[in-house]
Protein chains: 2
Amino acid sequence: MKNVRYAKCVNCGRIYEAVPSLTTCGCGGILDIVYDYGYIRQKLTKEKLKTRPHTMWRYRELLPVEEDTPAPPLRVGGSPLYEAQRLGKMLGVRKLWIKDDGQNPTASLKDRASAMAVAKAREAGAQIIACSSTGNAASSLAGNAAAAGLKTFIFVPERAPKGKVAQLMTFGANVISVQGNYEETFELSKVAIERWGWYNRNAAINPYLSEGKKTVSLEIAEQLSWQMPDYLAISVGDGCTVAGVWKGLKDLYEIGFIDKLPRLISAQAEGCHPINRAIATGEAWYPMEENTLADSIAVGVPRNADKALRAIRESNGLVVNVTDEEIMAAQRLLGTTCGVFGEPAGVTGTAGLKKLCEQGVIGEEDTVVSVVTGNGLKDVANAIRFCGEPMRLPNDLDLLIDEFQKRGIQP
Amino acid sequence: MKNVRYAKCVNCGRIYEAVPSLTTCGCGGILDIVYDYGYIRQKLTKEKLKTRPHTMWRYRELLPVEEDTPAPPLRVGGSPLYEAQRLGKMLGVRKLWIKDDGQNPTASLKDRASAMAVAKAREAGAQIIACSSTGNAASSLAGNAAAAGLKTFIFVPERAPKGKVAQLMTFGANVISVQGNYEETFELSKVAIERWGWYNRNAAINPYLSEGKKTVSLEIAEQLSWQMPDYLAISVGDGCTVAGVWKGLKDLYEIGFIDKLPRLISAQAEGCHPINRAIATGEAWYPMEENTLADSIAVGVPRNADKALRAIRESNGLVVNVTDEEIMAAQRLLGTTCGVFGEPAGVTGTAGLKKLCEQGVIGEEDTVVSVVTGNGLKDVANAIRFCGEPMRLPNDLDLLIDEFQKRGIQP
């Protein structure tokens, strides 16, 4: 890869050649891909981008793949960025945009990482990819691998919502539902991957995955004509996504495409916020219980904490924790004002933004992008529980008129 | 509208001015929008399309809206067309493409019609839109209207899957769940719309909606560089989608963008196929029971039968009925070979294609596009029922090894 210099441990600084099957450092630290920005500046211009298809692979010069590695089949990326005028007004900010990344092939941002995993597995000559996941990484890997003709072994904790499991099974993955929490699921996947030598798509282990995820911020920047907002709000679980988002922003800054870096807003659940706790207290992170319905960010042992903490601190970021009720209120708010239906973990960034607006931390001078990371159809049970039931009646206009009067509805 | 001449009854031929709130003809027949193709030929070129955003509104010259009507907020259209090499080989056709229209804002093709409804409601100055639907038209209307700041009243039959209802409620629609079948649901919506004067988004009543739906075939044609396949397979319920698809193809033929019209493959469920029965017998259509799990096409009284029958006949089309088992097998086949997860009604076109291939009606000389009309996340219960359960075990490698051996899995 002419655009990549090497991989470097974020812990001890040791340097590794960027081979396709890279995992973690000997010291246990996670690796970061280091680019040759001088080379990339020569190769990539804003003008060149204009004629390329709207997928994550339009930013190929900024991605850690060989020049001739084929883009995997599914159309990943190119998700819409909506200017949310009514919601922005309600929250009291100057400008607000919603990036709906639930609009990806398997309906979450994780498709960006899984497409990268498929590309790198092909470079490595692997026929089987494996991962553990709370759900979205799993279904995205299963879908992207199926489209590319690769076999998958996927480990999910038993609490994974049915919608996500149905996706996995339909994509033909070998699915192992682990009777335990995410941590135990991760551990079993780790020993199994070592045992059979599968290509590893565990996000904190494989340093290429957050390079795929970073394409969400590359897109946001381009969709805003390279004029960056003051803040970028996103939900945080394992820490891999927020780290990727920050990496993408710094990449663009390094090659001169943007001249301002937004501050990150790291939103976690009240019931599980080990990363935000570490930022708030200034201490090291340590495990926390997983008490939230936002299953995709219920990660008590965040595997990518080091990169995530660094990203939030470097950006002079804000942290905010929200209750499950605040998360579900944000889901409905996005639905009613923007026509965007996000899963609980997917709307947690918006819930956090709302809270910071109510607290006066963010206000009418500020511009914000809020990323919705997954589609609400992935977890219908919770949506149903919080959004209420429809009116039920037989085919009878008089009964309908009564019902409207009872409920105070103006037809 | 300079590109539209008038609306014409498909039954009696009576002509109407194309005002925004058009419904049906006095004779009860449904209306068809008639274009001034000479005008459109002058205005639209293939070259002009190249620089436009990838939404359904890139074909504005072929759509029945005023030149200054704003495109509604959600990004509708621009869904991917995948060349399905492995699946094509398995089915034994020369070339096969899958159009994944589940990749739309509310996850179905119906977004194309609902976006059109929102545009026309705005032209009509309406603040409220209403419809009845088996589910997808409803959720797409709720989402597209919410994004545009319009209020909705939506009538669904009580059997509508929970995922679709959850979408409606989250989008803030006033939802009326009618204790009865689709026909009774439709009837109540009809009298309520008359009573309160809401803008009518019932697909067979409002002639603009299939004009929105036709953009799926405009896209397919452009994605294939205007080289049309021999066949286009699609599921058929109310008849509105297949009619729209055919209208789009004829539009392109009329303005000289394509020089060949594919034959339509109309796929319906064994348990509910009034349109295919009419084609097969050459008789008029009459109502049928609604016995299929493919809820979006379980339409015993197809409101758009006239246009649908005309479309299938004009194209020298084929009809094929598939069992629920064949539908669910097609869902898994699309998942495992293409990484596309479609809802049961969404994959019925592919199930029908598979059956015609097995019967030798379609073979190795043929090229086919199969449209997937909705996302499988909309109906997880059926997917779970047919795709099986995952392996379940605690965090223990030895138990995993045993399980693989028991199931004959090669890790």
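**Close-up views of a predicted model**

View 1. A:Ser225 is placed in the loop between helix H9 (215-223) and strand E10 (231-235) of chain A; helices (H or I, at least four residues) and strands (E, at least two) are DSSP runs numbered from the N terminus. Phi of A:Ser225 is near 55°, a positive value in a residue other than glycine. Most residues other than glycine have a negative phi.

This is a predicted model, in which local features need pLDDT of at least 70 and side-chain atom pairs count only at pLDDT 80 or more, while totals for chains, interfaces and linings use all residues. Residues are numbered from 1 along each chain as its sequence is written, and chains are lettered from A and ligands numbered from 1 in the order in which they are written.

**View 2. B:Ser225 in a loop of chain B.** The loop between helix H9 (215-223) and strand E10 (231-235) of chain B holds B:Ser225, whose phi is near 55°, a positive value in a residue other than glycine. B:Ser225 counts as exposed, with 7 C-beta neighbours inside 10 Å.

**View 3. An open sheet of three strands in chain B.** The strand order is E2-E1-E3, with antiparallel pairing; two strands pair if DSSP finds at least two bridges between them. Because strand E2 (15-16) and strand E3 (31-35) of chain B stand at the edges, each with a single partner strand, one side of each is left without a neighbour in the sheet. Strand E1 (residues 4-9) of chain B is joined to E3(B) by five bridges, the two running antiparallel, and B:Lys8 stands opposite B:Asp32 in E3(B).

Terms used:
A residue is buried if 20 or more other C-beta atoms lie within 10 Å of its own, exposed if 12 or fewer, and partly exposed in between; C-beta atoms are placed from the backbone.
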